[in-house]
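Let's take a friendly walk through this model. Have the sequence and the 3D view ready as you read.

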Amino acid sequence: MTAQRDTANGAHFAFTDRWGGVSAVPYEELNLGGAVGDDPDAVRTNRERAAASLGLDPGRVVWMNQVHGAGVEVVDAPWGARPVPETDALVTAERGLALAVLTADCVPVLLADPAAGVVAAAHAGRPGMIAGVVPAAVRAMTELGADPARIVARTGPSVCGRCYEVPEAMRAEVAAVEPAAYAVTSWGTPAVDVAAGVHAQLERLGVRAREQSPVCTLESKDHFSYRRDRTTGRLAGYVWLG
Ligand SMILES: [Zn+2]
C-alpha cells in the first residue's frame, strides 16, 4: 500500500491507493469498502493492513454507511456492536480515534483543527457537495471549538472536472448551487468538478489551508473508479490526531 500521507501540527491525513491488499478481481487489491460485493474476510484483512501501515489500531477506526446526504455524526468511540449509521460526515474530538471515508470517484474530504483537537471526514460526491455536507461538517467542528481559520483541509483522489461528464441540465442544476463546479470535459461536453465545488465552499467558510490531490481516479490505474469500472473497490481517506 502506497498511501499518500502527511501531518500538520499533529493532525494526520492519509489516502490509500488500490495496491497492497488481498482482494481478488475486480476489487484488486486493497478494497476497503464493505458494501461493494467483495469477500468480507478480504475487506477485514485489507482494513487491518491499511491501519497497520498507518500505525493505527484497526479497532480504533470509525467507518460510515455513506448515503450521498449531508448528515454529520459526532463520535467519541468506534461503533462497536451498534449498527453503522447512515451518514456522510464524521467529527471527533477524541485523540487517536481515526475517521475514515470511502470513495471511488467522489471527493474524500479530511479536516483538522489541531489546536482545538477536532477532526472530520466527509464524503462529498455531486449530491453531497450540493447538499452541503462539507459546510455541515465544518459547522459541527466549530460547535466543538474549532475555528475555520485554523482548519487544515485535504481533498483526496477523485474524478476530475475534465472527466466527469454529465447531461447539460445536470451541470446547470449543480452550477446554480455551486458555480465553481461548472466544468467542461476534455472532449468539450458538459461536466461537473466536484472538488472545485468543495474547495469553493471551504474558501467561503474561511478555510484557507487547503490542499487538493492532483490524482484523477478515472485516469489513474492505481485508483478505484466507479465511473470507469462500475463493479470495483473503494479507496479510503483517514484523519486522526496523534
Ligand atoms: Zn480526469
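## The zinc site

In sequence, the residues that donate to the zinc ion follow the spacing C-x2-C-x52-C-x2-E. They are Cys-160 (SG), Cys-163 (SG), Cys-216 (SG) and Glu-219 (OE), lying 1.9 to 2.3 Å from the zinc ion. Donors here are N, O and S atoms within 2.8 Å of the metal (3.2 Å for Na, K and Ca); water is not among the atoms, so sites may look incomplete.

What is the geometry of the site of the zinc ion? It is tetrahedral, with angles of 102 to 117 degrees among the 4 donor atoms; for four donors, that term asks that all angles lie between 85 and 135 degrees. The ideal angle for four tetrahedral donors is 109.5 degrees.

Cys-163 is buried, at 11% relative accessible area, and Cys-216 is buried too, at 8%. Buried means under 20% (1.4 Å probe, protein chains only), exposed over 50%, and partly exposed in between.

## Charges over rings

The charged end of Arg-47 sits over the ring of Trp-63, 3.8 Å from the ring centre. Likewise, the charged end of Arg-154 sits over the ring of Phe-13, 4.8 Å from its centre. To count, NZ of Lys or CZ of Arg must be within 6 Å of the ring centre and within 35 degrees of the ring normal.

## About the model

This is a predicted model: local features need pLDDT of at least 70, side-chain atom pairs need 80 or more, and totals for chains, interfaces and linings use all residues. Residues are numbered from 1 along each chain as its sequence is written, and side-chain values use heavy atoms, leaving out hydrogens and water.

Notes: Tetrahedral: all angles 85-135°; square planar, octahedral: opposite > 155°, others 65-115°.
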